[in-house]
Amino acid sequence: MLYLFAGNNRSLILQEALKWKSAFTEKYGAENVVHVSNLEQISAKFILEQLLSRSLFSEKRLVIIDGFPFAGERSFSGAADMESLILEHLSKIPEDTLVVFLSENPDKRTLAYKELSKCAEVKTLSLEGEDAVYDYL
């Protein structure tokens, strides 16, 4: 199952991800949770292993990928390759692996966002207007 947490407020996105992470850890154990916080420092092989491999000792796994789809400009040199690699393997992710993508202000015009939003459940976590900001604070 695929989920996309996107919006204009990084704090709200991270809070939601941490809720999921702690609930999943409590139920299935910390060894079944992987949080990739920087795609620039992760190899393509590692990403593929996390997305496509099945868990041996648990019925489910949670993989959180922070910063994908990219917001506007790509932040590192291999970003286009990483983007195409992830998009290419979205349909091959096993049902017992929950993948949560976290993206602050993703560019909705890009192919990555469009492809991901077709197959993932999108949850928008944004603060719209001054009143929402004051209520949040």
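Student: Which residues are linked in a network of salt bridges here?

Tutor: First, the general idea: a salt bridge is a side-chain nitrogen of Lys or Arg within 4 Å of a carboxyl oxygen of Asp or Glu. In this predicted model, Glu16, Lys19 and Lys123 are linked in such a network. Local features here need pLDDT of at least 70, side-chain atom pairs count only at pLDDT 80 or more, and totals for chains, interfaces and linings use all residues. Residues are numbered from 1 along each chain as its sequence is written, and side-chain values use heavy atoms, leaving out hydrogens and water.

Student: How many salt bridges does a search of the whole structure find?

Tutor: The search finds 5. One of them joins glutamate 16 to lysine 123, with the closest N and O atoms 2.8 Å apart. That pair links distant parts of the chain, 107 residues apart: glutamate 16 sits in helix α1 (residues 10–28) and lysine 123 in strand β5 (residues 121–124). Helices (H or I, at least four residues) and strands (E, at least two) are DSSP runs, numbered from the N terminus.

Student: Is glutamate 16 buried or exposed?

Tutor: Buried means under 20% relative accessible area, exposed over 50%, and partly exposed in between (1.4 Å probe, protein chains only). Glutamate 16 has 10%, so it's buried, while lysine 123, at 33%, is partly exposed.

Student: Which residue forms a salt bridge with arginine 109?

Tutor: That's aspartate 107, with the closest N and O atoms 2.9 Å apart. Arginine 109 is exposed at 67%, but aspartate 107 is buried at 15%.
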